[in-house]
There are 2 protein chains.
Amino acid sequence: MTDYVRIFDTTLRDGEQSPGATMTSAEKLEVARTLARLGVDVIEAGFPAASPDDLEAVRRIAQEVGNPTDGSKAPVICGLARTTRNDIDKAWEAVRGARFPRIHTFLATSEIHMKHKLKMDREQVVDRVIEMVSYARSFCDDVEFSPEDAGRSDPAFLYLVLGEAIKAGATTLNIPDTVGYTTPEEFGGLISGIIQHTPGIENCIVSVHCHNDLGLATANTLAGIQAGARQAEVTVNGIGERAGNTALEEVVMALQTRRPVFNLQTGIDTTQITRASKLVSNYTGITIQPNKAIVGANAFAHEAGIHQDGMLKNNQTYEIMRPESVGATQSKLVLGKHSGRHALKARLQSLGYALADQELDQVFERFKALADRKKMITDPDLEALISDELYQPREFFTLDGLQVTCGTMGMPTASVRLRDAEGVIHIQACVGTGPVDAAYKAIDAIVKAPNSLREFVVHAVTEGIDALGEVTVRIESKDGLHSLDAQSEVETPRTYGGYGADTDIVVASVKAYLSALNKMLVAMGVYTGIETPAIQGVAS
Amino acid sequence: MTDYVRIFDTTLRDGEQSPGATMTSAEKLEVARTLARLGVDVIEAGFPAASPDDLEAVRRIAQEVGNPTDGSKAPVICGLARTTRNDIDKAWEAVRGARFPRIHTFLATSEIHMKHKLKMDREQVVDRVIEMVSYARSFCDDVEFSPEDAGRSDPAFLYLVLGEAIKAGATTLNIPDTVGYTTPEEFGGLISGIIQHTPGIENCIVSVHCHNDLGLATANTLAGIQAGARQAEVTVNGIGERAGNTALEEVVMALQTRRPVFNLQTGIDTTQITRASKLVSNYTGITIQPNKAIVGANAFAHEAGIHQDGMLKNNQTYEIMRPESVGATQSKLVLGKHSGRHALKARLQSLGYALADQELDQVFERFKALADRKKMITDPDLEALISDELYQPREFFTLDGLQVTCGTMGMPTASVRLRDAEGVIHIQACVGTGPVDAAYKAIDAIVKAPNSLREFVVHAVTEGIDALGEVTVRIESKDGLHSLDAQSEVETPRTYGGYGADTDIVVASVKAYLSALNKMLVAMGVYTGIETPAIQGVAS
């Protein structure tokens, strides 16, 4: 058996299904580029049947990320489909432009799902799998099949279904622990059983897909790999519905740090992990707790103390990974107000951003403004600035001016001046319970797009209060738009995330809210223009 | 072998060692009360030799939480000590007031630690263990010994050291995977080996203590338990240095949800988990990511959609735990501006807060002020309000007034009025890079306590922007005060967390900063009065 474990990233599909993680097409494309740079083998780019927007996002990723022109490895671009002709048609339409396209289809095989969700008996399930895997294979040589809720399925029936899927043309068989229910022993046993008893499996890749409801996703994934799986389905930061999916960074770093135990390798460039983690957190608005393994702010935080002390000569005493190995180096003082355009460009390049001239101009202008307010501009400051400046959807409403008064002594008041797509200026003042509430009320009075705020998070990017404050918000529209969950087939109201950065947290809050509102207006079709393409210049 | 697994919580010791998690004595006492209510068997209350403050905090917990007067189970109160007479003396002094005191001492047994940190050979290590375990046992019948970095120790040497510790009087043997390095198979094998080969172990409790550097802490802990360990060392929310310790909630819920697999039980009242999680997050300022297992905001978030849809008749289709089982029920609309004192008291009681009359008055006043600004007061609002109103250190400087102007058009300006301990009023105005920076600069100009801001997080407590905003900050003093890490013996600059809640995030930010500053002033001895005792009225 080969020692290469494929990393199948589903941040853009299962990850994006987590509440409020909705991304714009431009953001999805940028995440896909980052995943390609990270070296993932397969990018599950979305669920094309969910909506025309979703299909279009997958299609762009297939074309632009699935066909690298710089000689780098082309990732497989995968689209999810339920076992219906319509879903498979849409998935194929979306991924066919990639050099290596894949269709991933699934059907539940546990008694509880067949009875309560599918209302199908075993024979019907087998027939459907044969029919739809064959149909997918008629388009595409690379077909993945998942027996949903495999963790709670009857093993004998599972072997039968998987054997039929193989005969019908499936090349990868993915075994999901859909509800995050199994223990490593059970899950490893399940994979062993499948490899031992499924006819024809020796010519296929066995894949594992775990959820973290009991905190066991990484251990289950590793147990599956040790039992012979050679593809792991993961997401960056472990995002996903409920407690999320298996975290890419944990599986990859466990395999690498404990190579003598596992004797396996992946194609991941681990030094890109921290950057990918930060990007996904910014775009989805899903924060990372400080004590998150590998990518949390404290994961390597004992460093300083130990070096300061100097008593511990051997850094392996309390350290099993080097921060550099995941790209978490902290170069502090980088640039200041006297740094020029060239120094900024060089620093951005070393961070992986190769901007076109015009973009560099934009960023440089923001950089100078920031440097006037803040003595030291650090890497995280630059990354926040780039996110804020370049990766925003084109704005239907832009912020033209904001003035706020608040405190303990009066009525918090905000005056907002917005410019709409036609260039018309709108001004509104409102009183609120606080400065942000007042500003949001003033914006609502202008934009008139009913929504409710689901989440609001502010954090400082770096140390020192003069750091850029980053705000992420998540709003739920009241426009009747829904997103469809492929597995539960439940429609939930669509939510939109927004991101803003500024040294003034009220300004950052307003930018974040406008960014979410603009995304919502695009989705509602109020704004017919297509959002700006993600910047081209990023090295990929 | 018994089927009862002891839960040993080290939130107040190993958890509090995570960067910035410093708590006041009053907060530690309240966490200890919450842990007792949660039903943990052992509370590791601190490392008494670290400082007189730490000793005093452990002593109060031993006296007040270690001697329940209401007939509830008395938890064991444990103090950590290095293998020195001074440390053991201090630990005993701290815990002796508890009905069930325990001394926990440790010494490293891995080659890398013995060589680089201890600079001792094997024989010296064995002699030290025998001497110090005996010394601890001369005070206390309940002695725990940990061979630090057991995960990387030579098994044969480990069996020898543990056997000698047992002969010297140790009653619990705790096996730490100090650097979070092992896999479940390895760690389970380590525990099996220890149980099989250590003379006298059959009369002791074997304990496991795992770290999450590779995301495997929960799986390793469960593997250790399956191999025969009957004590699990954990922290609430999995806080701790680097990627943290094993999360209490994950181990407990895995054992409960998969009881047929494990056939084991704990004494934990799982319905208290969400409350304990929230309390620890507030006091330490360590946020919980939405996709955190069991206690993350999204852990049960598919609920709404599925019920809405109504298609899935059987809630087990995508759910392996009920939110009620961990106390995560979301009763939304609770109270409004017309709710009276009695309704507030009743609601607080149902949340577990049994306030004395005077405290209820304080809270009611705040409640009415909040109800004027916010239509619906929810349970999380009430909990934020209680934290803000009752669990603050006594203030050296209190906020008497704040006025802020900011926005895109001018210079962010804050005017601050503070009252000091003698009642003297100080007023200062400052310009900053944003409203929070301006306000903090104004406070600094008055308080004159040099520090640097390490972290700044704002989040909305509930949905809707008129929710209370919660701010947590973490400052590092420049006063030369350090805290001592028991294991690495590294001294790091002390950091202080602060918490504030208000509908105005600038006001909340100022409150949080003042709360951190007041903690720092107390620690520096600037303020000689003792902080307020935590409120007495909380049901315990």
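Across the interface of chain A and chain B, the rule finds 17 residue pairs in polar contact, both residues at pLDDT 80 or more. A polar contact here is a pair of N or O atoms within 3.5 Å; within protein, one must be able to donate a hydrogen and the other to accept it, and residues adjacent in sequence count only if both atoms are side-chain atoms. On the side of chain A that touches chain B, strand S9 of chain A, residues 398–407, gives the most, with 8 residues. Helices (H or I, at least four residues) and strands (E, at least two) are DSSP runs, numbered from the N terminus. The residues on that side of chain A divide into 48 nonpolar, 38 polar and 21 charged.

A word on conventions. This is a predicted model, where local features need pLDDT of at least 70, side-chain atom pairs count only at pLDDT 80 or more, and totals for chains, interfaces and linings use all residues. Residues are numbered from 1 along each chain as its sequence is written, chains are lettered from A and ligands numbered from 1 in the order in which they are written, and side-chain values use heavy atoms, with hydrogens and water left out.

Back to the interface. In contact, meaning heavy atoms within 4.5 Å, are 107 residues of chain A and 107 residues of chain B. The size of an interface is often given as the accessible area lost when the parts come together. Chain A and chain B bury about 8800 Å² between them, 61% of it on carbon and sulfur atoms. That buried area is the accessible area (1.4 Å probe) that two parts lose on being put together, summed over both.

How many salt bridges are there between chain A and chain B? The count is 2, with a salt bridge taken as a side-chain nitrogen of Lys or Arg within 4 Å of a carboxyl oxygen of Asp or Glu. One salt bridge joins A:Arg258 to B:Glu186, with the closest N and O atoms 2.7 Å apart.

B:Glu186 sits in helix H8 of chain B, residues 184–197. At 30% relative accessibility, B:Glu186 is partly exposed; buried means under 20% relative accessible area, exposed over 50%, and partly exposed in between (1.4 Å probe, protein chains only). Leaving aside residues up to four places away in sequence, B:Glu186 touches A:Arg258, A:Val261 and B:Tyr181. The B:Glu186 side chain also reaches the backbone nitrogen of B:Thr183, at 2.9 Å.

Over all chains, the structure holds 58 salt bridges. Take A:Arg102 and A:Asp142, whose side chains meet at 2.8 Å, N to O. A:Arg102 lies in strand S4 of chain A (residues 101–108) and A:Asp142 in the loop between helix H6 (122–139) and strand S5 (143–148) of chain A, so the pair ties together parts that are 40 residues apart in sequence. A:Arg102 is buried, at 5% relative accessibility, and A:Asp142 is buried too, at 17%.

In chain B, the side chains of B:Lys441 and B:Asp437 form a salt bridge at 2.7 Å, N to O. These residues are 4 apart in helix H17 of chain B (residues 435–447), which means about one helical turn separates them. B:Lys441 is partly exposed at 37%, whereas B:Asp437 is buried at 4%.

In chain A, salt bridges that share partners join A:Glu30, A:Arg33, A:Arg60 and A:Glu64 into one network. A:Glu64 is partly exposed at 36%, and A:Arg60 is buried at 14%.

Last, two helices. Is helix H9 of chain A, residues 217–226, largely enclosed or open? Of its 10 residues, 9 are buried, so H9(A) is largely enclosed by the rest of the structure. After H9(A) comes A:Gly228, with a positive phi near 125 degrees.

Helix H18 of chain B, residues 505–523, is mostly covered as well, with 16 of its 19 residues buried. B:Asp504 caps the N-terminal end of H18(B), a side-chain oxygen lying 2.8 Å from the backbone nitrogen of B:Val506. Just after H18(B), B:Gly525 has a positive phi of about 80 degrees.

Methods: Ala, Val, Leu, Ile, Met, Phe, Trp, Tyr, Cys and Pro count as nonpolar, Asp, Glu, Lys and Arg as charged, and the others, Gly among them, as polar.
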